[in-house]
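Thanks for coming. Please have the viewer open.

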Amino acid sequence: MPKSTLASIDWLTVLLFLLLVGFGWMNIYSASLEESNSFSIFDFTQVYSRQALFILLSVALIVITQAIEAKFYERFAGLIYIISLLSLLGLFVFGKTISGATSWYSFGSFSLQPSEFAKVATSLALAKFLSEMQTNIGLLKDQAKAFLIIALPALFIIPQPDPGSALVYAAFFFPLYREGLAAIYLIILFAAAFLFIATLIFNPIIVITTIAIVMIVILFKKRKQKPKIRYYLLSLIFVAGFCYSVNYIFNNVFEQRHRDRFNIVLGKEVDTKGIGYNTNQSEIAIGSGGWTGKGWKEGTQTKGGFVPEQHTDYIFSTVGEEWGFLGASLIVILFILLLLRILQLAERQKTIFSRVYGYSVAGILFTHFAINIGMVTGLLPTIGIPLPFFSYGGSGLWGFTLLLFIFIKLDANRVNEW
Amino acid sequence: MRKLLLYLIILSTGFIFVFRLFYLQVYDTSYATLSEDNAIKVIYDYPQRGDIYDRNGKLMVTNQPSYDVMVIPRELKPFDTIEFCKLLNIEKQKLVKNLKKAWAYSPRVPSVIIPQLTKNEYAYLQEKMRKFNGFFIQKRSLRNYHTDNAANVLGYIGEVNNAQIKKDPYYLSGDLIGIDGVEKQYENILRGEKGVKRIQKDRFNRDIGPYKGGRYDTLPVNGKDLTITLDAELQAYGQKLMANKRGGIVAIEPSTGEILALVTAPTYKPELLVGRKRSPNFTKLYYDTIAKPLFDRGLQGEYPPGSPFKTINALIGLQENVVNTEERIYCRLGYYYGSKGQKLGCHSHPTPLNMIPGIAHSCNAYFATVYRRAIEKYDTPQEGIDNWRRHVTSFGLGNYLGNDLPVGKKGNIPDAEDYNRAYEYPTYKWYATATISNAIGQGEVLATPIQLANMTAAIANKGFYFTPHILKAIDGQPIKEEQFTIPKQTTIDREHFDPVIEGMHQVYVMGTASHLKSPGINICGKTGTAENFTKIDGKKVQLTDHSVFIAFAPKENPQIALCVFVENGYYGARYAGRMATLMIEKHIKGEITRKDLENWVLSHSLEEEYAKPLSGKPFKINQ
């Protein structure tokens, strides 16, 4: 590796990465520690030992990503994407089923989850597509192509079934928007989300009536500008259709467990034993931390194993319990800093490829962070996706490491671009 | 704009999360308790409650083990209710009701299902308990009484109620607390401190070792033993004398203010309020609104004191210098006053009398004269009454005594304001004669027996008293509370007491109690016969007089001062005087020489007298 490249690496990002991974390991250690077992980092039946090994291997990955020529990623983006899709398809034949989801390839005592790497591949492919000269995201044809690149892996992941991981692909909206996707998509997306939630909380009739009243008020105020009433009528019909289909889908297509998850977050149901148990226990664990927490390895909820999946998806509840408000806020701030730094780096890229890739990285990490912490703190329904760099798991850690360090390499290389 | 969108979303998400964390972790403190309930099992180790000894070291109250069946509702599994009810000997409805209550109290915190099993019941149950998930047995201790007396002084313990739990977080559902008497007053000393063991649980509710290595665990601290001032034998004797009568006896040691005996009648045996028997027995006692066995007549009974109160008026007369010991005052079978020739009647006795025989013969005219002069010495009757009241209240009358028992009454000593209100001053005027009943302890004057006993002690001490109290020592260490160890001065100079004390002695020599002498002891006393009234069908009806007596002995070196009050016992020497002599003999000699008095008291009952106003028929009084 040439010396100039080493110096141009963004060490702030690396430092944030190291802090998160290190602190993550400490919490995994605490969450998986059992009173009876003595500490042994070389006992690979222990969760914390395995995670330590994963971290070591990810360091090797980092070295490899930095050693490879930056141009490689752009040149082979398509190939990497195709391999990734094949690996997802291969799961339907060779996949190993763990707790109901066929998402893993098994190698002895270790398993690999290709969907964690597919995000990297999709990011590269999207960046490559958008950076091509003839691509114009303003055209419907190119929009359809971009959507296809994003949707294919998601479609392969949904039937595993792993809808949580598939949902993350929505993150690619951010680079698309940055590159000029019309704002109307954004507005429609937000409006749909708003109507979706409003319909579930109230009911279609109330929502439609409210919107109709708002429209009438707007029409009345703008009456001098002679507004086109049929547009308003048309949108109202769309809204009505949407609300009723949400209502229909929610009640007839969703399974009860999905309905339960939504109802609990919307406060329509109180259930602390069944489906709401995870969220409830997680909130108790976090809430009992107070200002400064109970101290590392001293969390009573963590020790008692009350929060299910605590070393994976619910690792943040350990942070909340043992490090308190100060520790948990610090982690949130570290993530925010990392995300903003990535955005800043993305904006200073000289090539579209690097910029799109940077936005993809920020979007994916943000989506994971927001959904995971939202779920653990009871703000969002239970959607099982890991907290980047924190949650236990080799595939996840390596996927995020690759994602981030490929971008660091691209960024370090920007001086050679012109 | 396109560059800003993700920035803004990231930043606002960060803010939302920090706010959410703040809400969960800092603002809403309920999660901390939830986590405690969840992950930590708290086991309490109950300390031994302190024993109670009498002044001579005789054990009065100690402990016996008892076993509560407890339940943690959320840990319940379906069980054979019929077998369970059979084992515990309860009805199914009651079990269902108690389980509902336990759920309502808390699904996680244990509640009592069946309180206070005996050792035998427990032994039988212990074997089968493991079949019933969610139930367990908590050992506690119950009181074990070594005496049948003094229930009103000792009080009792029972389960805490919800209000008490809310007030003091030390107590948990099912804990025992002192409810009356010494048990209530000195609860904090007697109870000790619970020991706490915290055990870390996992999500299957299995114990996985002590929480934080037992750093927060504490050992129970046993309660401290109390020595009370009561003389168990004197108390028992007083209760024996009071059988079949209503009233109270309060005996005080003048030199210390220690309560030697505090008898109320009718009363109950303390063991009636122990354990599972407590509830039905308490209900029975509570609803006896005629005999009122839970009403402590010694502390709470407010009666017109009658003639014993004349001693105070004599002292005030001397202190105010409106009479001397030599002046003789005429009595024409009463005291005549006012323009219409109103009369305060008196009985027949030699006349005219000076102070000492005046006390001995309890001459109403003498004390009416002295009282009137004491009031009229001042320019207005208002000033006169208030000055008189100042003297009277310095003997501990007319207000709470401040003793260390949880119940008490103020009594009543009227002031100028009371009369102004009653006579609608200044529209109408009133004069000393309007209040003349105060001279002989009737009218508006009311006092409790303990106040009268204390007043007697102040006379015996010639001008000061120690606030009466029941606690003598804690774990053998005498009490040091200034409230009880620093004497309170009356407003009367010491030299004025000698003639009054001599008068009280003459009561036994030539006066109203001359037939009640005890050989070898110089007793000073004063009889009282207090008129009293009740309402029957809305009409005021006079009942047989209360028999009142105050006394102290020996005259030279007082060891006991007492007040005996027998409701509707007729004249003072009849019941109360006899009992006073017997109590004094018992305390000073340790034996009874006046067996004739004892036989008379024990063989006479007043139950017939008490039945009269309830009979619905016309009846005669003072027979």
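Of the 623 residues in chain B, 44% are buried. By buried I mean that 20 or more other C-beta atoms lie within 10 Å of the residue's own; exposed means 12 or fewer, partly exposed is in between, and the C-beta atoms are placed from the backbone. This is a predicted model, in which local features need pLDDT of at least 70 and side-chain atom pairs count only at pLDDT 80 or more, while totals for chains, interfaces and linings use all residues. Residues are numbered from 1 along each chain as its sequence is written, and chains are lettered from A and ligands numbered from 1 in the order in which they are written.

Chain B has 23 helices and 21 strands. Those are DSSP runs, H or I of at least four residues for helices and E of at least two for strands, numbered from the N terminus. Take the contacts in chain B between residues at least 6 apart in sequence: 72% of them join residues at least 24 apart. A contact here is two C-beta atoms, placed from the backbone, within 7 Å.

Now to one strand, β21(B). How many of its residues are buried? The count is 7 of 7. In a regular strand, side chains alternate between the two faces of the sheet. In β21(B), one side has B:Ile560, B:Leu562, B:Val564 and B:Val566, the other has B:Ala561, B:Cys563 and B:Phe565, and all are buried, leaving both faces covered.

Which strands pair with β21(B)? One is β11 of chain B, residues 247–253, antiparallel over 6 bridges; there B:Ala251 stands opposite B:Leu562. The other I will show is β20 of chain B, residues 539–553, also antiparallel, over 7 bridges, with B:Val548 opposite B:Phe565. Pairing requires at least two bridges found by DSSP between the strands. β20(B) and β21(B) form a hairpin, with 6 residues between them.

Next, the backbone. Most residues other than glycine have a negative phi, and most peptide bonds are trans. B:Ser362, not a glycine either, has a positive phi of about 55°. B:Ser362 sits in the loop between α14 (355–361) and α15 (364–376) of chain B, and counts as buried because it has 26 C-beta neighbours inside 10 Å.

Where are the cis bonds I want to show? One runs from B:Ala265 to B:Pro266, with omega near -5°; B:Pro266 is in the loop between β12 (258–265) and α11 (278–286) of chain B. Another joins B:Tyr425 and B:Pro426, omega about 5°, and B:Pro426 lies in the loop between α17 (416–422) and α18 (449–460) of chain B.

Last, a helix in chain A. α11(A), residues 204–221, has 18 residues and spans 26 Å from first C-alpha to last, close to the 26 Å expected at 1.5 Å a residue; that expectation is 1.5 Å times one less than the number of residues. A:Pro204, A:Val207 and A:Ile208 are buried in α11(A). They lie on the same side of α11(A) because they cover an arc of only 95° around the axis, taken from the directions from the helix axis to the C-beta atoms. The face turned away from that buried side carries exposed residues, among them A:Thr209, A:Ile213, A:Phe220 and A:Lys221.

Comments, please.
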